[in-house]
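Dear colleague,

I am passing on to you the structure we spoke about, with some notes on what turned up in it.

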Amino acid sequence: MREAGNPDPVFDSSRGLFTVTLHKRAFLDDHQEFIPSEDISTIEHSILEFCKVPRTRARIAAHFSCKSVSYFYTKHVLPLVERNLLVMGNPDHPKSTNQTYTTASLVR
């Protein structure tokens, strides 16, 4: 685990069950920085992969088959922007319908 740069496993024994949790480190292609996989969900990782090319919030929601653009934006896109994982194409006009979102060049 350590040789691969992954965190140590977590051992838990409760209610007659013994579990081992293995955490891996996720990374985005073309980036040298890593994001611990427990800090990023599968949908967030998919959004970051999809937004390697600038995309509007409507296009992102449509790609993930979500009919409510505002719900998808509030639930998934905005948290990524707040964590600086997605970058706005025009930060001076955050509510513009033409606003684009791109995966940050260096993910920390």
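Ile 47 is buried, its relative accessible area being 0%. Please bear in mind from the start that this is a predicted model. The residue belongs to helix 1, and, once residues up to four places away in sequence are set aside, Ile 47 touches Ile 60, Phe 64, Phe 72, His 76, Leu 80 and Leu 86. Computed along the sequence, Ile 47 and Thr 103 are 56 residues apart, but from C-alpha to C-alpha they are 8.5 Å apart in space.

Ile 47 also has a place in the largest nonpolar core, which has 17 residues, and within which Ile 47, Ile 60, Phe 72, Val 77, Leu 86 and Tyr 101 touch the most other members. The elements that contribute two or more residues to this core are helix 1 (42-50), helix 2 (57-63), helix 3 (69-82) and strand 6 (86-88), and the largest share, 5 residues, is that of helix 3. Leu 86, another of the residues named above, is in contact with Ile 47, Leu 48, Cys 51, Val 77, Leu 80, Val 81, Tyr 101, Thr 102, Thr 103 and Ala 104, leaving aside its neighbours within four places in sequence.

**Helix 3**

Which residues of helix 3 are buried? They are Phe 72, Tyr 73, His 76, Val 77, Leu 80 and Val 81, and these buried residues pack against helix 1, helix 2, strand 6 and strand 7 (100-103). Just after helix 3 comes Asn 84, which takes a positive phi of about 60 degrees.

From the side of helix 1, where His 45 has its place, the C-alpha atoms of His 45 and Leu 80 are separated by 9.9 Å, although the two residues are 35 residues apart along the chain. His 45 counts as partly exposed because its relative accessibility is 24%.

**Salt bridges**

Side chains of opposite charge can pair when their charged atoms come close. A search of the whole structure finds 2 salt bridges. One of them is between the side chains of Arg 83 and Glu 44, with 3.1 Å from N to O, and this pair links distant parts of the chain, given that Arg 83 lies in the loop between helix 3 and strand 6 while Glu 44 lies in helix 1, 39 residues apart. Are the two partners buried or partly exposed? Arg 83, at 35% relative accessibility, counts as partly exposed, whereas Glu 44, at 11%, falls under the 20% limit and therefore counts as buried.

In the other salt bridge, Glu 49 meets Lys 52, and the closest N and O atoms are 3.3 Å apart. Here Glu 49 is partly exposed at 27% relative accessibility, and Lys 52 is likewise partly exposed at 33%.

**The hairpin**

Among the partners, Ser 14 is bridged to Leu 17 of strand 2, and Ser 13 is bridged to Phe 18 of strand 2. The two strands form a hairpin with 2 residues between them, and in the turn Arg 15 has a positive phi of about 50 degrees.

**Confidence**

The chain averages a pLDDT of 80, and 76% of the residues score at least 70. Confidence is lowest in strand 4 (residues 34-36), where the mean is 52, and highest in strand 5 (residues 55-56), where the mean is 95. Over residues 27-33 pLDDT stays under 50, and for this stretch the model has 18 contacts beyond four places in sequence.

With best wishes

Note on methods: Residues numbered from 1 in each chain as written. Heavy atoms only, no water. pLDDT = per-residue confidence, 0-100. Helix = DSSP H or I, 4+ residues; strand = E, 2+ residues; numbered from the N terminus. Contact = heavy atoms within 4.5 Å. Core = buried A, V, L, I, M, F, W, Y, C linked by side-chain atoms within 4.5 Å. Buried < 20%, exposed > 50% of the residue type's maximum accessible area, 1.4 Å probe, protein only. Pairing = 2+ DSSP bridges. Salt bridge = Lys/Arg side-chain N within 4 Å of Asp/Glu carboxyl O.
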